[in-house]
Amino acid sequence: MLRQMHLAGFQIAAPVTHSHAAWRHRDTRADFLDLAYYQDIARTLERGKFDFLFFADVLATPRTYADDFRDPIRRGTQAALGLDPTLVVAALVSATRHLGLAVTKSATYYAPYDIARSFATLDHLSRGRVAWNVVTSLNQAEAQNFGYDEPLDHDTRYERAEEFLEAAFGLWASWDEGAILNDKASGVFADPGKVHELDHAGEYFKIRGPLNVPRSPQQRPVIIQAGSSERGKDYAARWAEAIFEIDPTPAGRRAYYRDVKDRVADFGRDPDAVKILPAVMPFIGRSEAEARDKQAYHNALADPISGLITLSLHTNHDFSRYPLDEPVADIAVSGTLGLFAVARALSLNNDLTLRDVGKLYAQGVMLPQLVGTPEQVADQLEAIHKAEEADGFMVSAAHSPGAFHEFVDLVVPELQRRGSFRREYAGPTLRDQLGLGPASLVPVPRHRFTPRGMRRVAAG
Ligand SMILES: Cc1cc2nc3c(=O)[nH]c(=O)nc-3n(C[C@H](O)[C@H](O)[C@H](O)COP(=O)(O)O)c2cc1C
């Protein structure tokens, strides 16, 4: 049978997404502080039978670039403002019935109890449609909003995130299924023998439990991750059920896909139980020329300095210190290593200057732009999918919500006609749409973790 692709919509509860030009686009609505804006996006994606709507999040106004937060605000860069996505998603639960809802929440600055409780609550209210994008916050401005001077170093962030998820899994297992009796006649509300303490005492957390939310429809949220460094890919391979990736090159996507699926198998998991979703930005026209005009109009609005502000935020490194018209320097950054590696490879392989990379970052954080008629965009998606570069896509809108309308009205029917995307939802839960099977609350053992290079040597 034809392997169908998965589709998610990328969003930030803010005026821009990957496209820093989005807020200035002639077709973008300005009511991004209004629930109606997000309801429109969610209902549109649900009409298009999307797997889920995804909300990214950052916990600070950017200030890494030139140590200044005012310029990002003036320019309206990514993360210049952002509503709390958990609350936006809570409000979207009642606007949708099938669409999955994914929220980014940091495993660096919150407590496992707090997060486990929020997601168990959302999973109940949505009847099993919620996912958690586990991020390891990396920027100094975020650290300074949570009582620290500096962010945790790269590997410590991931160590903490390992223990964070082990603890969260334990909390979600607090209540056995069937613990609630609700027996009005006998006066027994719930069976205390079916509710368990956690008594977790680790390096980073001490948690007694039990969680005060009963077992939820999916047992726990679907786990999403976006690790792109060596350590990050191992983290994703241990925990993730969907992985969000950015790479504009077919060779890079193919290498990532193979590498991560191999790592998933190394952890004793089924590689098909982890869906890899690279992000793409479509430009759709009635003719190819019209689509190219739309792309050109959008890209002309993207200013390189906005892009460098976000590159600096993501890498936790101040790129205002380097000449704009020279290649991206070979420097050690402390933020996201994987995204910086992609930016540097782009610069080296295509003779791009720092200004050019800033422009690509502003256009869409280096996302590949898929341009053409609905048939041509469907062709491009199918080609990436069939080449084993992706199990599906994170669709990012160049203007909002209109780009989602175009995609759902024009590209989705074409994909459905070809049999490469679903016509109906597979079941009530997000796990059903992703074809994941029942969730386990037993963490994949940590002792399997060794750096990938060492495993290769051991295997000869
Ligand atoms: C495609 C992609 C999307 C990400 N989205 C977010 C996000 O929304 N919020 C956030 O705090 N970090 C985000 N991150 C950062 C990751 O959580 C992680 O901190 C970062 O990738 C550092 O790890 P690495 O060195 O393994 O890449 C993202 C990273 C990637 C590669």
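Is Arg 127 buried, partly exposed or exposed? Arg 127 is partly exposed, because 15 other C-beta atoms lie within 10 Å, and a residue needs 20 or more to be buried. This is a predicted model. Its parallel strand pairings include S1 with S2, S2 with S3, S3 with S4 and S4 with S9. The largest nonpolar core has 127 residues. Helix H14 carries a kink of about 35°.

- Strand S2 covers residues 52–56 and is mostly covered, with five of its five residues buried.
- Phe 52, Phe 54 and Ala 56 point one way from S2. Leu 53 and Phe 55 point the other way.
- S1 and S2 run parallel and share five bridges. Phe 10 has Phe 54 of S2 as its bridge partner.
- Together, S1, H1 and S2 form a β-α-β unit, and the unit is right-handed.
- S2 also pairs with S3 in the parallel sense, here over four bridges. Leu 53 stands opposite Leu 101 of S3.

- Strand S4 spans residues 130–135, and six of its six residues are buried.
- Val 130, Trp 132 and Val 134 face one way from S4, while Ala 131, Asn 133 and Val 135 face the other.
- Strand S3 (residues 100–106) pairs with S4 in the parallel sense over six bridges. Leu 101 has Val 130 as its bridge partner in S4.
- Helix H4 (residues 112–125) carries the chain from S3 to S4, in a right-handed β-α-β crossover.
- S4 and strand S9 (residues 222–225) are joined in the parallel sense by three bridges. Ala 131 has Val 222 of S9 as its bridge partner.

**Nonpolar core**

- Among the 127 residues of the largest nonpolar core, Phe 52, Leu 53 and Ile 243 touch the most other members.
- Helix H6 (residues 154–172) supplies the largest share of this core, nine residues.
- Leu 53 touches residues including Gly 9, Ile 41, Leu 45, Leu 99 and Leu 101, leaving aside those up to four places away in sequence.

**Helix H14**

- H14 runs over residues 402–417, 16 residues in all. At 1.5 Å a residue it should span 22 Å, and its end C-alpha atoms are 22 Å apart, so the two values agree.
- The kink of about 35° in H14 is centred on Val 408. Val 408 is among the buried residues of H14.
- Other buried residues of H14 include Ala 403, Phe 404, Phe 407, Val 411 and Leu 415. Glu 406 is buried as well.
- Cover for the buried residues of H14 includes strand S1 (6–12), helix H1 (35–47), strand S11 (275–284), helix H13 (374–386) and strand S13 (392–396).
- Just after H14, Gly 419 has a positive phi of about 80°.

**Cis peptide bonds**

- The bond from Gly 209 to Pro 210 is cis, with omega near 0°. Pro 210 sits in the loop between strand S8 (206–207) and S9.
- The bond from Ser 400 to Pro 401 is cis too, with omega near -5°. Pro 401 sits in the loop between S13 and H14.

- Arg 127 is not a glycine, yet its phi is positive, about 55°. Arg 127 lies in the loop between H4 and S4.
- Asp 199 has a positive phi near 50° and is likewise a residue other than glycine. Its place is the loop between strand S6 (188–190) and strand S7 (200–201).
- Asp 199 counts as exposed because it has 11 C-beta neighbours inside 10 Å.

**Two further loop residues**

- Val 93 belongs to the loop between helix H3 (85–92) and S3. Val 93 is partly exposed, because 18 other C-beta atoms lie within 10 Å.
- Val 93 touches Leu 101, Leu 125 and Ser 126, not counting residues up to four places away in sequence.
- Val 93 and Arg 254 are 161 residues apart in sequence, and their C-alpha atoms are 35 Å apart.
- Ala 387 is in the loop between H13 and S13. With 12 C-beta neighbours inside 10 Å, Ala 387 counts as exposed.
- Ala 387 touches Pro 250 and Arg 254, again not counting residues up to four places away in sequence.
- Ala 387 and Ser 347 are 40 residues apart along the chain, with 25 Å between their C-alpha atoms.

Definitions and conventions:
Residues numbered from 1 in each chain as written. Predicted model: local features only at pLDDT ≥ 70, side-chain atom pairs only at ≥ 80, totals over all residues. Helix = DSSP H or I, 4+ residues; strand = E, 2+ residues; numbered from the N terminus. Pairing = 2+ DSSP bridges. Right-handed = clockwise from strand over helix to strand, strands pointing away. Core = buried A, V, L, I, M, F, W, Y, C linked by C-beta atoms within 7 Å. Contact = placed C-beta atoms within 7 Å. Expected span 1.5 Å × (residues − 1). Bend = angle between axes of the 7 residues up to and from the residue.
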